[in-house]
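I opened this notebook to record what I looked up in the structure. My entries follow in the order in which I made them.

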Amino acid sequence: MPLLKVENITTTYPVGKGWFGPLKHLHAVRDVSFHIEKGETLGLVGESGCGKSSLGRTLIRLEKAQSGKAVFDRTNIFSLNSSELRKFRRRFQMIFQDPYASLNPRMSVRSAIDEVLRVHSALSKEQRERRLASLLEMVGLDPSHADRYPHQFSGGQRQRICIARALAVEPDLIVADEPVSSLDVSVQAQIINLLQEIQNKTGIAYLFIAHDLAVVEHISRRIMVMYLGRIVEIGESRSIIRNPAHPYTMALISAVPAIDRGTGRKRIILPGDVPSPLNPPKGCPFHPRCPAATGRCSKEEPPLALSMNGKEHYSACFYRDDFYGKMSVLSGN
Amino acid sequence: MKEKILQIENLSIAFSVGGEILPAVDSLSFSVSKGEILAIVGESGCGKTVSCLSFARLLPEPPTIYTSGSIIFPTGTSAGKNILSMSAREIRKIRGKKISYVFQEPSVSLNPVFRIYDQIAEVICLRDDEADDVREEVIYLLSKVGIPDPASKMKAYPHELSGGMQQRAMIAMALAGKPDLLVADEPTTALDVTIQAQILELIKNIRDESGMAVIIVTHNLGIVSEMADNVMVMYAGHLVEKGPASDIAKSPLHPYTKALISAVPQFGHEMEKLNTIPGTVPSPSKYPKGCRFYGRCSLADSLGHDEKRLCAENIPILHETKARFCRCHYSK
């Protein structure tokens, strides 16, 4: 049984239209279904505004879902009341992009983590103290620095503090929203390795949200690609990267500047920008920018369906099986 | 060998903060030729942006002190002068006209209360106060950077454009001065990958058409090997490695460059673990006496006691081997 099973989630934000105009709704996440297994990393990629952060926030109920279900270990998260939710929150935690903004500048590391332990566990003061030291050690920080404040740490160290705080309640799932995007490459590598070590030790699952495909490919077992609030492709990392079955994924892959790629490779340059989610195009959301679009794409919306490119590999494109073997980015042609 | 356009000789920049002199860039020497794309790579705080801002004297003085060196622009002509000894009036003739900049965050660089048209037209009028077809030229520039329907888009305010469109408008503005050198400081860091690909392609095409030189500052090594002809790697204010982009990507010499390349996940290669560089870049007030990378260097860890002393005590010089430069005692 999967750890988290998400069915048909839709998240909308009301958007005001002047004093007397009708209230519009922005569909940030539209009819999204997927699951996360115990102990796996599911990568979530997409451009800004595609709804990846909204999806992550909806799952841990920082945003309210308009409809749908998220079954976490037999419990539907969306039907919990606030006191049940508070107890349940220790099963899933979140790490944000900007570690400085997510730490209280007036709380030392000790008080930030101790607060979590006080609220969520029945440990005594000495036990909490021991737990704090072991948490800091786990994320590679010196326990003797526990009385320092966030501004006394570097960006990478602050992200370690956020990770320690998320781990304090021993969650089964961490939603990591762009956890390494604001860090330098050498520090980014440290944090990615740390997240993987923790997973090996504790069997925690991650929903790893990022826009950097290379990072997502490195850390994830499976990858999910979003465009304008919908999942356009989901499958095992290897299969997605080597045999993408959606033209948007192909364009994303070809746009990644790589250090050692062959020179004969053709880059797919997508025309235009992502359309506004307030006014999404009819039919397939990607068709106005798609190099392979046909008349059918502007009328019907393709459903997410199994593709022959790999097992458990789904794509929301009518022509998903026509792309097999056409995209060999990795061999350089 | 192409004609040189910018020549930096032994440039050192420091900041005077609270009575203390903090070195930001130390004895930097390099040159850029016409039509060349030079990439400057390094982590935050290594001096890439400071060096770039110095080319048009954009750093506030004080606290900035140019402790040594010269910036000759345009090199090779009788008009070539040392930018560091120019008067404010002379620099104004270069800034935004001969040397243009594109910065990281377009929404911060554009003035929010003026229409795109006014901001670009201002550059054109400053370049040439007798320009008559200003409107036509703005439309031409906007269409050149790939903004659809430029005649109506130029009436937009910056907030009405997407990030990619704003960056295109910034590039149009930089091109309006008809520069000989475009300095792009992390031009795509704030943009999505598909938009990044568009912008990089655009900069390359403009270079091919106009033959201007481009200096691109980035921390993304992928961009370097796809865009640049030559690369400079900086670490803690020092130039540590320099050479053709393809050579450095394939066979980096300096331990820092090696570590930097292996710290990035390689697309399509499965790796168990990423290489990390222990610690962080030292701050200017705590620069070590010898090699500034000593302490984080994996090569130094494998050395004997006496060999290590050389790294700890002496700053290595920039050695040249076959058109490649490397600042290391042991890796040459």
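**Entry 1: the contact between the chains**

I looked up the contact and found that chain B gives 35 residues and chain A gives 31 residues; two residues are in contact if their C-beta atoms, placed from the backbone, lie within 7 Å. On the side of chain B that touches chain A, six residues come from α8(B), the largest share. By class, I noted 15 nonpolar, 15 polar and five charged residues on this side of chain B. Ala, Val, Leu, Ile, Met, Phe, Trp, Tyr, Cys and Pro count as nonpolar, Asp, Glu, Lys and Arg as charged, and the others, Gly among them, as polar.

I recorded that the model is predicted, that local features need pLDDT of at least 70 and side-chain atom pairs pLDDT 80 or more, and that totals for chains, interfaces and linings use all residues. Residues are numbered from 1 along each chain as its sequence is written, while chains are lettered from A and ligands numbered from 1 in the order in which they are written.

**Entry 2: the sheet**

I found an open, antiparallel sheet of four strands in chain A, in the order β2-β1-β4-β5. Helices (H or I, at least four residues) and strands (E, at least two) are DSSP runs, numbered from the N terminus; two strands pair if DSSP finds at least two bridges between them. The edge strands are β2 (24-36) and β5 (75-76) of chain A. Nine bridges join β1 (residues 4-15) of chain A to β2(A), and I9(A) stands opposite V32(A).
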